[in-house]
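Hello,

Here is the structure we talked about. Please open it alongside the notes below.

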Amino acid sequence: LRPKAWDVPLLVADDPAAADAAVARAVMELDLPTFASDPDGIHVTVHEDERGRARVLFVLNPGDADVVARVTIGGSSSRATDLLDDASFDVVRGAVEVRMKPRTVRMLALA
């Protein structure tokens, strides 16, 4: 399925509010899934398979602090395994908690 066409504004200024507004508009207009994450500053995205099932969860910590990130993914996954270091995490009531060192990314396979 192709996403519907929409007019994409050109973002040339270093304006975080304009970037946030453009992302929010894309999420709404393209009906993209969103995933709650905590603490603030943690970023999350998901790769889905051809049936729309979440298969790989990417968790990013661009900050300078070591944090425990909590991500609500829902669905039927019960385990998340880091594909880079084999660390394994339980998915409890649709959420996973992972330790994130500063300026790191985890690539978690969902099972």
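Which residue forms a salt bridge with Asp-82? The partner is Arg-106, and the closest N and O atoms are 2.9 Å apart. Please keep in mind that this is a predicted model.

Asp-82 sits in strand E5 and Arg-106 in strand E8 (residues 104–110), so their bridge ties together parts 24 residues apart in sequence. Both residues are buried. Arg-106 has a relative accessible area of 15%, and the cut-off for buried is under 20%.

Arg-106 also forms a salt bridge with Asp-85. Here the closest N and O atoms are 3.3 Å apart. Asp-85 lies in the loop between E5 and E6, so this pair ties together parts 21 residues apart in sequence. Asp-85 is partly exposed, at 45% relative accessible area.

Leu-83 is in the loop between strand E5 (79–82) and strand E6 (88–92). Beyond its neighbours within four places in sequence, Leu-83 is in contact with Met-107 and Ala-109. Leu-83 is partly exposed, at 45% relative accessibility.

The whole structure has seven salt bridges. One of them joins Arg-99 and Asp-66, with the closest N and O atoms 2.7 Å apart. Arg-99 is in strand E7 (residues 95–100), while Asp-66 is in the loop between strand E3 (54–61) and strand E4 (67–72). Arg-99 is partly exposed at 44%, and Asp-66 is partly exposed at 39%.

Best wishes

Notes
Residues numbered from 1 in each chain as written. Predicted model: local features only at pLDDT ≥ 70, side-chain atom pairs only at ≥ 80, totals over all residues. Heavy atoms only, no water. Helix = DSSP H or I, 4+ residues; strand = E, 2+ residues; numbered from the N terminus. Buried < 20%, exposed > 50% of the residue type's maximum accessible area, 1.4 Å probe, protein only. Contact = heavy atoms within 4.5 Å. Salt bridge = Lys/Arg side-chain N within 4 Å of Asp/Glu carboxyl O.
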